[in-house]
Amino acid sequence: MTTIKSVSKESRVFDPPAAFAERARVGSRARYDELYRRSVEDPEGFWAEQARELHWFREPTTIRQWDPPFAKWFEDGTTNLAYNCLDRHVAEGRGDKTAFIWEGEPGETLTLSYAELTREVRRFANALLGAGVAQGDRVVIYMGMVPEAAIAMLACARIGAVHSVIFGGFAADAVRDRILDAGATTVITQDGAWRRGKVVELKAQVDKALESCPEVARTIVLRRTGNEITMAVGRDLEWADVLEGVSDEHEAPALAAEHPLFILYTSGTTGTPKGVLHTTGGYMVGTYVTSKYVFDLRDDDVYWCTADVGWITGHSYIVYGPLANGATVVMYEGAPNHPGLDRFWEIVAKHRVTIFYTAPTAIRAFIKWGDEHPGKHDLGSLRLLGTVGEPINPEAWIWYRRVIGGDRCPIIDTWWQTETGGIMMSPLPGAIAAKPGSCTLPFFGVSPKILREDGSEAGPNEGGYLVIDQPWPSMLRTVWGNEERFRKGYFSRFPGKYFTGDGARRDEDGYFWVMGRVDDVVNVSGHRLGTAELESALVAHPAVAEAAVVARPDELTGQALVAFVTLKGTVTPSAELKKALADHVGEEIGKFARPASVRFADAVPKTRSGKIMRRLLAELAAGKEPAGDVTTLEDISVLAKLRGEDE
Ligand code: WTA
């Protein structure tokens, strides 16, 4: 029995541009193959060598311990992640290099050199210690995209306090649940954050959350937007006050490699939030090495990742990975459509960004908004484009390459998860030919397998469950306070192997194609199909910007497909177009996959990190009121609008 049937016909291949490959860190497929083979045949030797590029107070001699599901990396080593991201560069003469170029939503720009950032982090580390924060304490950071968010993270990492960043879009209840689960005693926040020209009142949400969090001893509040806030005497401290007269001398302590670094809550599209725990040494080495090779970082790059620091992408690829490499990182505070639909491209042109890393949800929004917006700006500085977060529809990939990359920049489609800490599969841009929609091949040391229901390995192009059967340095260590959930959620489906929750296939060239979450698989006339491929067929139609496909119960076929479609800005909806789109899928994939119903939608429901929430759409399509958890939904009004939309 086929576990998941693949219906993709995508066959385009894009070789690394010769000019790119010539200067790349890994410049050929043969070189990648050689390094990869070494990394899996001698993982201890390989990772010991990588780790030595960073600073250790005590060099590790034990590299990897694996007692499934528990991994330890570099266990007898001691290090400090903040030291590696900051002091190390200053000590090695790179203090004047720009670390952050920060762009505020209202339009101001601030740059911080490595020397300046090091000073700020040392001062804030002293301020935290002075306020009573100790090693091992949990500190919640609930802020917008301001440099102080990164400073707070780095200061926690520096003193060995365990940070838990909560995305600023979450409201009081979500903040409360996370504070309680983490057992946090300190909350760092700001008066408000800018979002689309409006103030998101963060401190007010914290006040509400703290009504049920008696263990929180203090908050530290940055003033950013100037809105009125209330400060509780004896609990709430001003950011400026805690820094008053504080020294910028601070020696980074040597922390054990397995010292807890951060907890990051992930909700995914189903279930209650779980606190994914990452530790110091392995996470440091993993994000350092992936940043270096996957982004092919060079000294003169201006690197911009558009994620929020509230997500793992912001942790690993705005803060820790790029800074460990001494890169120049752009950080933008606000929305992509403020004040205009071209804001991102204005930023790329203004700061001469060379590497741009974003998510498919953003790319589909750019497509919907129209080509004229990027067209207004000189994007000639770009040399590499990346994507992460969902399977990218091949047509969106092609659009990204052509319109943003000028047919010149390679695209890295990076597959990974909050739990994996760092990138697991991606082309190395100078070495591996890309196929639109495929994350191509595993990164060094990563051992992905595709399994059938019974645990045997699937053959070429046979869809199955994506697992990782060897440990890697930046893997999660546990679910905070819930070892049972860690075992059950990740290591019980296939005992001893890490189950990703994703479906995938491997093609005849060994390339991996992630087909989406297995929870989203639909079953039509006996075919188990991943939704991503069906959606890609719709996105390949010139009228379509975005699509979400779900199944509803059907007497005849068991399940019938319902497609929710967002049209490009210039296209007029009509009954004929609905039929044309259904026919299009039937022709592209086969009659059995023709949607029984196509519904137009201005927007589809998404998680706050931009992933389509198909579960809610499936409930709607079945004529039910969405009953499950909707707290992770980005915009609740989307559901109401969809309910009103007829068939
Ligand atoms: C999905 C984000 C296809 C996948 C770093 C994964 C992807 C989940 C890709 C993790 C990609 C992420 N291609 N699917 N390049 N990247 N995903 O925890 O389903 O927010 O399991 O981490 O996103 O999402 P998370």
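**Salt bridges and the core**

Analyst: Let's start with Glu-10, which is buried at a relative accessible area of 18%. Here buried means under 20% relative accessible area, exposed means over 50%, and partly exposed is in between (1.4 Å probe, protein chains only). Before going on, note that this is a predicted model, where local features need pLDDT of at least 70, side-chain atom pairs count only at pLDDT 80 or more, and totals for chains, interfaces and linings use all residues. Residues are numbered from 1 along each chain as its sequence is written, and side-chain values use heavy atoms, with hydrogens and water left out.

Back to Glu-10: its side chain meets that of Arg-12 in a salt bridge, 2.7 Å from N to O. That term means a side-chain nitrogen of Lys or Arg within 4 Å of a carboxyl oxygen of Asp or Glu. Arg-12 is partly exposed, at 30% relative accessibility. Searching the whole structure turns up 48 salt bridges.

Next, take Asp-33 and Arg-29, whose closest N and O atoms are 2.9 Å apart in a salt bridge. These two sit four residues apart in helix 2 (residues 29-41), so about one helical turn separates them. Helices (H or I, at least four residues) and strands (E, at least two) are DSSP runs, numbered from the N terminus. Both ends are partly exposed: Asp-33 has 25% relative accessibility, and Arg-29 has a relative accessible area of 34%.

Now for Lys-449 and Asp-469, which form a salt bridge at 2.8 Å, N to O. This pair links distant parts of the chain, 20 residues apart: Lys-449 is in strand 22 (residues 448-451), while Asp-469 is in the loop between strand 23 (464-468) and strand 24 (478-479). Lys-449 counts as partly exposed at 21%, whereas Asp-469 counts as buried at 16%. There's also a network of salt bridges linking Glu-103, Arg-343, Glu-346 and Lys-350.

And the core? The largest nonpolar core has 119 residues, and among those touching the most other members are Leu-117, Trp-239 and Leu-428. Helix 7 (residues 147-159) supplies the largest share, 10 residues. A nonpolar core is a set of buried Ala, Val, Leu, Ile, Met, Phe, Trp, Tyr and Cys residues joined through side-chain atoms within 4.5 Å. Beyond its neighbours within four places in sequence, Leu-428 is in contact (heavy atoms within 4.5 Å) with residues including Val-26, Tyr-32 and Phe-444. A second, separate core of 29 residues includes Val-330 and Tyr-400.
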